[in-house]
Amino acid sequence: MDKDYTYSAFISYSHEEEKLAKALWKKLERYRLPAVLQKQYEEIPEKIHVFLDQGDIVPGDTVENALSRELADSKKLIVICSPNSAKSPYVELEVKNFLLLGHSYNDIIPYIIEGEIDRESPNNCYVPSLFGDSDKDTVNGVSVIRDGKWKAFVGVLANLLDVKFDEIYKREKVRKNRITAVWSAIGTLTACF
């Protein structure tokens with residue numbers, strides 16, 4: 001039987017990426033799954049709840065205790081990957097602890113915002129725990145650099161919800177086109193008057 005988790009994911013990031021981590025957190029927390037997919041996948045939550053250490057730590061608790069508890073209560077781990085995070089001992093510790101809790105590498109979502117995946121490069125964006133024994137074992141991530149912000153976000157959603165990328169991508173593309181059409185119509189009507 002699967003464990004009931006409090007959070008769909010825990011976001012791990014370096015201090016330098018705090019602003020980006022907050023933006024991703026807000027976007028995930030506000031996301032509403034298209035009704036068609038909600039009906040198709042009954043096990044998918046209506047709302048995604050993501051842990052970010054900024055607002056979710058209870059006053060009076062130590063940061064270390066809270067982070068350990070929240071990692072244990074998170075189904076997935078989103079790691080914001082950049083050269084800064086690759087050097088962060090805290091990001092490495094969170095990835096290691098997440099794996100020690102019994103999670104697999106499939107439960108980790110690297111969200112690449114800068115750098116490259118190369119142990120030897122000064123521009124490396126992965127902490128050591130994200131590298132496998134060989135290149136074939138290295139955890140695959142979503143890349144803002146390669147795919148753009150929107151596709152990378154959809155990649156995170158697909159992984160969080162355990163749904164195929166194309167299913168969310170097609171639905172979101174339709175939703176995005178509808179919104180664009182509505183705003184175009186409003187602009188046209190405004191111009192006419």
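Analyst: Rings of Phe, Tyr and Trp (its six-membered ring) count as a pair if their centres lie within 6.5 Å; planes under 30 degrees apart are stacked, those over 60 are edge-to-face, and the rest are tilted. By that rule, Tyr7, Phe10 and Phe51 make up one aromatic cluster.

Two points on how to read the values. This is a predicted model, in which local features need pLDDT of at least 70 and side-chain atom pairs count only at pLDDT 80 or more, while totals for chains, interfaces and linings use all residues. Numbering runs from 1 along each chain as its sequence is written, and side-chain values use heavy atoms, with hydrogens and water left out.

The protein chain has 7 helices and 5 strands. These are DSSP runs numbered from the N terminus (helices are H or I, at least four residues; strands are E, at least two). Their order along the sequence is β-α-α-β-α-β-α-α-β-β-α-α. Of the 193 residues in the protein chain, 42% are buried. Buried here is under 20% relative accessible area, exposed is over 50%, and partly exposed is in between (1.4 Å probe, protein chains only). Take contacts next, meaning heavy atoms within 4.5 Å. Among those between residues at least 6 apart in sequence, 69% join residues at least 24 apart.

Back to the rings. The whole structure holds 4 aromatic pairs. One of them is edge-to-face: the centres of Tyr31 and Phe153 are 6.2 Å apart, with the planes at 70°. Tyr31 sits in the loop between helix 1 and helix 2 (35–40), and Phe153 in helix 6, so this pair ties together parts 122 residues apart in sequence. Both Tyr31 and Phe153 are buried.

Now the core. A nonpolar core is a set of buried Ala, Val, Leu, Ile, Met, Phe, Trp, Tyr and Cys residues, joined through side-chain atoms within 4.5 Å. The largest has 32 residues, and Ile11, Leu28, Ile78, Tyr111 and Ile168 have the most contacts inside it. Two or more residues come from each of strand 1 (7–12), helix 1 (18–30), strand 3 (74–81), strand 4 (108–112), helix 6 (144–161) and helix 7 (165–192). Helix 6 gives the most to this core, 9 residues. Apart from this core lies another, of 20 residues, including Ile112, Cys125, Tyr126 and Leu130.

Ile168 shows the packing in detail. Beyond four places in sequence, Ile168 touches Tyr31, Leu37, Val154, Leu157, Ala158, Leu161 and Val163. Phe165 lies in helix 7. Phe165 is partly exposed, at 31% relative accessible area. Leaving aside neighbours within four places, Phe165 is in contact with Lys151, Val154, Gly155 and Ala158.

Charged side chains come next. A salt bridge is a side-chain nitrogen of Lys or Arg within 4 Å of a carboxyl oxygen of Asp or Glu. The whole structure has 7 salt bridges. Asp162 and Lys76 form one of them, at 3.2 Å, N to O. Asp162 is in the loop between helix 6 and helix 7, and Lys76 is in strand 3, 86 residues apart. Lys76 is buried, at 4% relative accessible area. Lys75, Lys76 and Asp162 are linked in a network of salt bridges. Arg146 and Asp147 also meet, at 3.0 Å, N to O. Arg146 is exposed, at 56%, and Asp147 is partly exposed, at 30%.

Finally, helix 5. Val91, Glu92, Glu94, Val95, Phe98 and Leu99 are buried in helix 5. They cover an arc of only 160° around the axis, which puts them on the same side of helix 5 (the arc is that of the directions from the helix axis to the C-beta atoms). The face turned away from this buried side carries the exposed residues Pro89, Tyr90 and Leu100. Lys96 and Glu92 form a salt bridge at 3.9 Å, N to O. Both lie in helix 5, 4 residues apart, about one turn. Lys96 is partly exposed, at 44%, whereas Glu92 is buried, at 13%. Gly102 follows helix 5, with a positive phi near 105°.
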